[in-house]
Amino acid sequence: MAVENIPYKVFYRRIKYPRLEFTTGELHFILPLNSNREEVFNRHRRWIEKKWIFVQGCLKESKKKKLTQRTDDDFKKLVLYLLSEAASQQGLKPHKVYFRPMKTKWASLSTRKNLTINKLAKYLPDYLIEYIIIHELAHFKQKRHNEFFWEIITHKYKNYQELERELFIYWFRVTNKA
C-alpha cells in the first residue's frame, strides 16, 4: 500500500515538536501551529509505512482473540489482589486506585501515585492485567518510556515486547475495531 493512501487526521496544537501516533490504530499527526504536514509526512514516510503494516497485522490478529468474561466486581478484586502482591514485592504503595473508561490506554499512574485502570481491561487474560500493573508500577521509578524504564520491565518480563504487542492487538478486539 502506498503511504499516501493511509487514512490520517491532522491536529494542530500549541506544541514545540510534531508527533505521529497510531495509538488507536489510526494515524494522527499532532503538529505545532503553522507547521507543514507534507514536510513531516515525507520526513517520516518509512516509519509511517512500517507502523501501518504492523497495525494492519494486529487488526487481523485481533479477530481471533477471545475476550475473558468477568464481572466488574471480579475484575476489581483481581486487580487489587495483583496490585497488592506486586506492590508489596517491590516495596511500593500506590495512593488510590481508580477504575474508569479510558480512550487510548490500559492504565496510567499520576504524579500523586494514583493508579487508574481502564475498565475495558476486564476482558483481558489475567497475565496481561498483571503485566499492565507491573508496567504502571515501573513508573514509580521512571516516568518516561525510555531505556531505563524498559530495563526495569525486563527484570520481570524478558518478553515484554510480545506482551506490548498483544495488548495492542487486544485493544482492537476490546474496542470493537476488529
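**Close-up views of a predicted model**

**Figure 1. I133 in helix 4.** I133 is a residue of helix 4 in this predicted model. Is I133 buried or exposed? With a relative accessible area of 1%, I133 is buried, because residues under 20% are counted that way. Leaving aside residues up to four places away in sequence, I133 touches V79, L82, L83 and A86. T104 is 29 residues from I133 in sequence, and the two C-alpha atoms are 16 Å apart in space.

**Figure 2. The whole protein chain, for orientation.** The protein chain has 178 residues, of which 41% count as buried. Its secondary structure consists of 6 helices and 6 strands. In what order do the elements run from the N terminus? The order is β-β-β-α-α-α-β-β-β-α-α-α. Taken along the principal axes, the box filled by the C-alpha atoms is roughly 50 × 35 × 30 Å. Among contacts between residues at least 6 apart in sequence, 53% join residues at least 24 apart.

**Figure 3. The largest nonpolar core.** This core has 36 residues, and the members that touch the most others are W106 and L124. At least two residues each come from helix 3 (72-90), strand 5 (107-109), strand 6 (115-118), helix 4 (126-138), helix 5 (147-156) and helix 6 (160-174). Which helix gives the most to this core? Helix 4 does, with 8 residues. L124 touches T68, R70, W106, I129, I132, L167 and Y170, when residues up to four places away in sequence are not counted. Another core, of 16 residues, lies apart from the largest one; L27, F29, L31 and F41 are among its members.

**Figure 4. Helix 4 against helix 6.** Two packed helices are described by the angle between their axes and the distance between the axes. For helix 4 and helix 6, the axes come within 11 Å and cross at roughly 115 degrees. Helix 4 is therefore roughly perpendicular to helix 6. The crossing of this pair is left-handed. Which residues meet here? Helix 4 brings Y127, L128, Y131, I132 and H135, and helix 6 brings Y160, L163, E164, E166, L167 and Y170. By type, the residues of this contact are 8 nonpolar, 1 polar and 2 charged.

**Figure 5. Helix 4 against helix 5.** Helix 4 and helix 5 pack with their axes 10 Å apart, at an angle of about 140 degrees. That angle makes helix 4 oblique to helix 5, because the roughly antiparallel class takes angles over 145 degrees. Helix 4 and helix 5 have a right-handed crossing. On the helix 4 side the contact is made by E130, Y131, I134, H135 and A138, which meet F149, W150, I152, I153 and K156 of helix 5. These residues divide into 7 nonpolar, 1 polar and 2 charged. Y131 and H135 also take part in the contact with helix 6.

**Figure 6. Helix 2 against helix 6.** Helix 2 (residues 45-62) packs on helix 6 at an angle of about 65 degrees, with the axes 8 Å apart. What is the handedness of the crossing of helix 2 and helix 6? The crossing is right-handed. Helix 2 uses F54, V55, C58, L59, E61 and S62, while helix 6 uses R165, F168, I169, F172 and R173. In this contact, 7 residues are nonpolar, 1 is polar and 3 are charged.

**Figure 7. T116 in strand 6.** T116 belongs to strand 6. Its relative accessibility is 11%, so T116 counts as buried. Which residues does T116 touch, not counting those up to four places away in sequence? They are Y98, R100, M102, W106, A107 and S108.

**Figure 8. Two loop residues with positive phi.** N34 is not a glycine, yet its phi is positive, at about 65 degrees. N34 sits in the loop between strand 3 (27-32) and helix 1 (37-43). The relative accessible area of N34 is 82%, so N34 is exposed. K113, likewise a residue other than glycine, has a positive phi near 70 degrees. Where is K113 found? K113 is in the loop between strand 5 and strand 6. With a relative accessible area of 26%, K113 is partly exposed.

Key:
Residues numbered from 1 in each chain as written. Predicted model: local features only at pLDDT ≥ 70, side-chain atom pairs only at ≥ 80, totals over all residues. Heavy atoms only, no water. Core = buried A, V, L, I, M, F, W, Y, C linked by side-chain atoms within 4.5 Å. Buried < 20%, exposed > 50% of the residue type's maximum accessible area, 1.4 Å probe, protein only. Helix = DSSP H or I, 4+ residues; strand = E, 2+ residues; numbered from the N terminus. Contact = heavy atoms within 4.5 Å. Axes fitted to C-alpha atoms, helices over the stretch in contact; angles between N-to-C directions. Parallel < 35°, antiparallel > 145°, perpendicular 65-115°, else oblique. Left-handed = near helix turned anticlockwise from the far one by under 90°. Nonpolar A, V, L, I, M, F, W, Y, C, P; charged D, E, K, R; others polar.
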